[in-house]
Amino acid sequence: MGIIERIKEIEAEMARTQKNKATEYHLGQLKAKIAKLRTQLLEPPKGSSGAGEGFEVTKFGDGRVALIGFPSVGKSTLLTMLTGTHSEAASYEFTTLTCIPGIIHYNDTKIQLLDLPGIIEGASEGKGRGRQVIAVAKSSDLVLMVLDASKSEGHRQILTKELEAVGLRLNKRPPQIYFKKKKTGGISFNSTLPLTHVDEKLCYQILHEYKIHNAEVLFREDATVDDFIDVIEGNRKYIKCVYVYNKIDVIGIDDVDKLARQPNSVVISCNLKLNLDRLLSKMWEEMGLVRVYTKPQGQQPDFSDPAVFSADRGGCMVKDFCNHIHRNLIKDVKYVLVWGTSARHYPQHCGLGHVLQDEDVVQIVKKKEKEEGGRGRFKSHSTAPARISDREKKAPLKT
Ligand SMILES: Nc1nc2c(ncn2[C@@H]2O[C@H](COP(=O)(O)OP(=O)(O)OP(=O)(O)O)[C@@H](O)[C@H]2O)c(=O)[nH]1
Ligand SMILES: [K+]
Ligand SMILES: [Mg+2]
């Protein structure tokens, strides 16, 4: 029997089993079995590179966004509108068969937008180009789930299920469960709060299913069995998702209003060019990019050319910024001067561990190099970057 058939069989057994206290352990075990099989399913076939032909697109720019959706919801139309790169659009399904990259220029950053083939129910099991599409989604910083506003609300759930089946977790943070495999010592199980979804016995059974007999487990939140399995599997990808309802030109205003009020959702019409600005600003907000400008001594920074970091990929400390400029720079840095929202006063003298925020300006002071304006730290005020005063109005300094 193939892996997919075995998954189907276990799913059928789960559907047959009544949910109650007595069956809870058995159901938990079945969930773990399915998770293990799904992980097997994800392993690329022997001898293949994994990506698949037409899907090996090199990362470019400051972040990557993937367009995921059913066929003919308007993904390609949207890529063409936002990036100017033409991607074939037509009224028939599966017009797009490969991954088409474009670039969005926004707030002085470059964001790679990827158009992809439509995916269908069963994609996670390999139907259509589902696997390749999902692999690209996993490599992205943000998913734009494109939906047809005139079609059933159920599409959003079906797609979410497909993505979850392959280990993607949309708009969720990793469960607060500490888990560490050990060589000896058995299983130590603890929690910092009362647990209402799982108990020690259930967790033991799941660990047993994974043939784990020595481990330390600490629940720091009231997590579920599914959360625990996610932590054991360890290969889940937590990714942000914005739900984009396209084609609002063909539905009534009341329906548009309803969709627009859902969390993480933006309603648009490519045909009428409606609300595309809102989509871009939502995308920007969710990506959490941090732009940092270099201020050469005695000069204004180049505000069109920031160094860009991602808050989700670990944010930006002064040391990351220095490494970004030059790999060997860090050993020569005495301290840096920082203007912007992360600074308590202008300019603030900061060390390598200082965490920078979006639109901060940094001047590096090297060892054996005099700081601008002589020795007095406040003298450098006179050459504060021009845009800082504008920023202060927008985002007042923290005290
Ligand atoms: N009414 C309406 N139609 C639209 C809108 N945006 C796109 N379409 C139409 O929807 C159809 C499908 O558009 P595509 O851009 O090819 O859709 P896709 O999601 O890329 O489709 P596949 O590549 O086949 O998965 C085309 O006929 C478009 O003209 C819109 O805002 N309103
Ligand atoms: K199409
Ligand atoms: Mg397309």
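The model is predicted. Its domain assignment gives domain 1 (11–45 + 176–233), domain 2 (63–172 + 237–286) and domain 3 (289–394). The centres of domain 1 and domain 2, taken over C-alpha atoms, are 32 Å apart.

- Three strands make up an open sheet in the order E6-E8-E7, and the pairing is mixed.
- The edges are taken by strand E6 (177–181) and strand E7 (187–191); each has a single partner strand, so one side of each has no neighbour in the sheet.
- On average, neighbouring strands of this sheet are turned by 5° against each other, direction ignored.
- Strand E8 (residues 215–219) pairs with E6 in the antiparallel sense, over 5 bridges.
- Tyr 178 has Leu 218 in E8 as its bridge partner.
- Helix H6 lies across E7 and E8, and its direction is at about 140° to E7.

**Helix packing around H6**

- Two packed helices are described by the angle between their axes and the distance between the axes.
- Helix H6 (residues 200–209) packs with helix H7 (residues 225–233) at an angle of about 40°, and the axes are 11 Å apart.
- The crossing of H6 with H7 is right-handed.
- On the H6 side of this contact are Leu 202, Cys 203 and Ile 206, which meet Val 225, Phe 228 and Ile 229 of H7.
- The residues of the contact between H6 and H7 comprise 6 nonpolar, no polar and no charged.
- Helix H2 (residues 24–42) also packs with H6: their axes come within 9 Å and cross at roughly 30°.
- The crossing of H2 with H6 is right-handed.
- From H2, Glu 24, Tyr 25, Gly 28, Gln 29, Ala 32 and Lys 33 meet Lys 201, Leu 202, Gln 205, Ile 206 and Glu 209 of H6.
- By class, the contact of H2 with H6 has 4 charged, 4 nonpolar and 3 polar residues.

- Another open sheet consists of 5 strands in the order E12-E11-E15-E13-E14, with mixed pairing.
- Strand E12 (307–310) and strand E14 (348–350) are at the edges with a single partner strand each, so one side of each is left without a neighbour in the sheet.
- From one strand to the next, the twist of this sheet averages 35°.
- Strand E13 (residues 333–339) and strand E15 (residues 360–366) run antiparallel and are joined by 6 bridges.
- Leu 337 has Gln 363 in E15 as its bridge partner.
- Helix H10 (residues 318–325) packs on this sheet and touches strand E11 (289–294), E12, E13, E14 and E15.
- The direction of H10 makes about 130° with that of E12.

**Backbone exceptions**

- Most residues other than glycine have a negative phi, and most peptide bonds are trans.
- Ser 72 is not a glycine, yet its phi is positive, at about 60°.
- The position of Ser 72 is in the loop between strand E1 (63–69) and H3.
- The peptide bond from Tyr 346 to Pro 347 is cis, and its omega is near -20°.
- Pro 347 is in the loop between E13 and E14.

Definitions and conventions
Residues are numbered from 1 along each chain as its sequence is written. Chains are lettered from A and ligands numbered from 1 in the order in which they are written. This is a predicted model: local features need pLDDT of at least 70, side-chain atom pairs count only at pLDDT 80 or more; totals for chains, interfaces and linings use all residues. Domain bounds come from an automatic or database domain assignment. Axes are lines fitted to C-alpha atoms, for helices over the stretch in contact, and angles run from 0 to 180 degrees between N-to-C directions. Helices (H or I, at least four residues) and strands (E, at least two) are DSSP runs, numbered from the N terminus. A crossing is left-handed if the near helix is turned anticlockwise from the far one by less than a right angle, and right-handed if clockwise. Two residues are in contact if their C-beta atoms, placed from the backbone, lie within 7 Å. Ala, Val, Leu, Ile, Met, Phe, Trp, Tyr, Cys and Pro count as nonpolar, Asp, Glu, Lys and Arg as charged, and the others, Gly among them, as polar. Two strands pair if DSSP finds at least two bridges between them.
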